[in-house]
Amino acid sequence: MTAPGPSVRTTCPYCGVGCGVLATPDGRGGAAIAGDPDHPANRGRLCVKGAALGETLSMQGRLLAPRIGGAEATWDAALDLIAERFSRTIAAHGPDAVALYVSGQLLTEDYYVANKLMKGFIGSANIDTNSRLCMASSVAGHRRAFGTDTVPGQYDDLEQADLVVLVGTNLAWCHPVLYQRLMAARAARGTKIVVIDPRRTATCEGADLHLAIAPGADAHLFNLLLCRLFDTGGFSAAFLPKLTGADAALTAARAARAEATGLDPADLERFLALWAGTEKVVTLWSQGINQSDSGTDKVNAILNCHLATGRIGRPGMGPFSVTGQPNAMGGREVGGLANMLACHLEIENPVHRAAVQGFWASPTMAERPGLKSVEMFRAVEAGRIRALWILHTNPAVSMPEADRVARAIAACDFAVVSDVWPDTDTARRAHVLLPAAAWGEKDGTVTNSERVISRQRAFLAPPGQARPDWWQLAQVARRMGFAGFDWDGPAAIFAEHAALSGVAGALGSDFDISGLAGADYDGLSPVTWPQGKVRRRRFFADGQFHTPDGRGRMVPVVARLPAPVPEAQPFRLNTGRIRDQWHTMTRTGLSPRLAQHLGEPYLELHPRDAAALGLAPAALACVESPQGRAILRVLVSDRVRPGHPFAPMHWTGETGPTGRTNALVPALTDPVSGQPASKSAAVAIRPLAAA
Ligand code: SF4
């Protein structure tokens, strides 16, 4: 319990917009929540999820002490056991026999410690994150085009643009404050808005043009745009010398087919003319592009159009990938993905590895990328990974082939889960449970989609024996005999991370925040990186990229469509998020107010499909794929296309009617990014009674 206190400036723990929050403790374990008027992301706004944060501070069902085999244990016993089992597994089977699966919910300091432990001391890169499910294709696309994973734009570009193209994103529901800012700009200056989405989502209500594109045809559309730009003299003569690959990209783009987009020719023409004829264009995307088995190519098809026209990094123009999670970006910065090192350095580069190893004074260093999330759980299933530590995420619900992942965790020799609640589908299968400090109880930093680093600050005491994740990881590292894990708090970890970024900056990395190494951590105001020798808000307008020759790369993209659905599963299921829930509902599910919007798992089905299947509104449908089964309430709606139903991914439930949508999704991934294609599962649907 904390005494009533003054307002504390912190950051919302939900989406990648990264809104500033003022939390005022009430002295009874709760807090009043308001938007921070001084935070650059939201300027006082909050969406309904952020505004309901005060309703999710309940202690009900919290994990308050470590558990071993279901029985309460001391921290010493749990930490000793983890260190002993990890050390023994490594000694017997090598470093790749252990893994960490982490989360965009971790603070940057937690992420830093996890990455340092795994890559620099255990000597394996088997650390991956649930951000793999969210933006890995954008990371890969950025690296192919820019040489680094750099987001070039800022949120205020949306307010300075004359045209904003929203592709594969339901911004109104999934990044609501950004959508509010866009709508305000539209009202003030008449910004044109185009939404490209097979579904007619809430975002379309504010659009001038909705292109209900054929699912998966985005690369066809942007390749057609690239051709139009070239054919009408839209390539920038000034910018082209700063690029490579323009001819090859154009040649590949010539194979794009207008009919593949499924669009009305007049609508298609309107879009092409609008984009080609408007200089200040922002193209913004999220999961609809990323969660595809050709997601990286789709990202590069978009980037090609901005690069060829030089519409990048200047006010009001540029490509903009927005992240789903509050600290997906921070995870990218510390190298918390299996194929990255630290501070945007490359794991395959021996000079980069040596620099990081020297800085850490570490005994070993991972020399090759580790297993990405889908591969990681396959390795758990096959017994190649024998000790697994999952932090702040619920892969038994959120991963594709969720049932298979749940079985793999249950069968793992040794599974550890650090979380706030003990009864998630994942936590129930762990041998050791570690009670983690929750939002409002822990201190650290997060980075939002526009590269702004903000503090998350504690305003409540952690209950019971709950401890922050960085402490848990550092304690295990020390018990495994490793030096360099003796920080006294997150400020010291942040200072070390900032100092390492200076080493990276000297090697040419874009991520350099060494200027913050001695900053007043407690008082740190939101700040945009880089903050090293270079301090800038936008990248690439000068045509300087982070490739070996300094030139940006246009990548040839051969547009392709998803494989046809088989006869036995004739529907292509699209999955996604709804306005008032977050991930697997472990936090938002605590708010009765948020449950009022859409209170149970559902299947949005076109009227023609519903009639053909004999499914009335509100009937229960059995949805099956070769991977699993879900029971969903039917919502008949012409917002979806015939043959392409939609289901949200939040719900769980292991018995009875279940909304385990990801149990239906096959573990098909993009070959470059490893991101799963979560939006095109082939399924069969029938009335529940006939199942
Ligand atoms: Fe939180 Fe995102 Fe809503 Fe902002 S827009 S309040 S970060 S959920």
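Me: Where is cysteine 343 placed in this chain?

Reply: In this predicted model, cysteine 343 sits in the loop between helix H13 (328-334) and helix H14 (350-360).

Me: What makes the backbone of cysteine 343 worth a note?

Reply: Its phi is positive, about 55°, although cysteine 343 is not a glycine. Most residues other than glycine have a negative phi. Histidine 344 also has a positive phi, of about 65°, and is not a glycine either. Histidine 344 is found in the loop between H13 and H14.

Me: Why is cysteine 343 called buried?

Reply: The cut-off is 20 or more other C-beta atoms within 10 Å. Cysteine 343 has 28 C-beta neighbours inside 10 Å, so it counts as buried.

Me: And histidine 344: buried or exposed, and why?

Reply: Histidine 344 has 27 C-beta neighbours inside 10 Å and therefore counts as buried.

Me: How do you know how the span of helix H7 compares with the one expected?

Reply: H7 covers residues 176-189, which is 14 residues. The expected span is 1.5 Å times one less than the number of residues. From first C-alpha to last, H7 reaches 20 Å, and this is close to the expected 20 Å. Just after H7, glycine 190 takes a positive phi of about 70°.

Me: Which residues of H7 are buried, and what covers them?

Reply: The buried ones are Pro176, Val177, Leu178, Tyr179, Arg181 and Leu182. Their cover includes helix H5 (156-160), strand E8 (163-167) and helix H6 (171-174).

Me: What surrounds the ligand?

Reply: The shell holds 14 residues, and the closest are Cys12, Cys15, Cys19, Cys47 and Gly50. Helix H1 (48-51) and H7 are the elements that give two or more residues to this shell. By type, the shell divides into 9 nonpolar, 4 polar and 1 charged.

Me: Why is the ligand said to lie between domain 1 and domain 3?

Reply: Domain 1 (8-56) and domain 3 (136-322) both give residues to the shell around the ligand, so the ligand lies between them. The chain also has domain 2 (67-130 + 329-528) and domain 4 (571-690).

Me: What does the contact between domain 1 and domain 2 consist of?

Reply: The C-alpha centres of domain 1 and domain 2 lie 26 Å apart. Domain 1 gives 16 residues to the contact, and domain 2 gives 15 residues. On the domain 1 side, the elements giving two or more residues are strand E1 (8-11) and strand E2 (20-25). E1 has the largest share of that side, with 4 residues. The residues on the domain 1 side divide into 8 nonpolar, 7 polar and 1 charged.

Me: What does the UniProt record say about residues 5-61?

Reply: The unreviewed UniProt entry annotates residues 5-61 as "domain: 4Fe-4S Mo/W bis-MGD-type". In the model, that span is 7% helix and 26% strand, and its end C-alpha atoms lie 26 Å apart.

Me: What is leucine 603 in contact with, leaving aside its neighbours within four places in sequence?

Reply: The contacts of leucine 603 are Ala621, Val623, Leu632, Arg633, Val634, Leu635, Pro645 and Ala647. Proline 648 is 45 residues from leucine 603 in sequence and 7.8 Å from it in space, C-alpha to C-alpha.

Definitions and conventions:
Residues numbered from 1 in each chain as written. Predicted model: local features only at pLDDT ≥ 70, side-chain atom pairs only at ≥ 80, totals over all residues. Buried ≥ 20, exposed ≤ 12 C-beta atoms within 10 Å, placed from the backbone. Contact = placed C-beta atoms within 7 Å. Domains from an automatic or database assignment. Nonpolar A, V, L, I, M, F, W, Y, C, P; charged D, E, K, R; others polar. Near = placed C-beta within 6 Å. UniProt positions renumbered as here; feature names shortened; annotations may be inferred.
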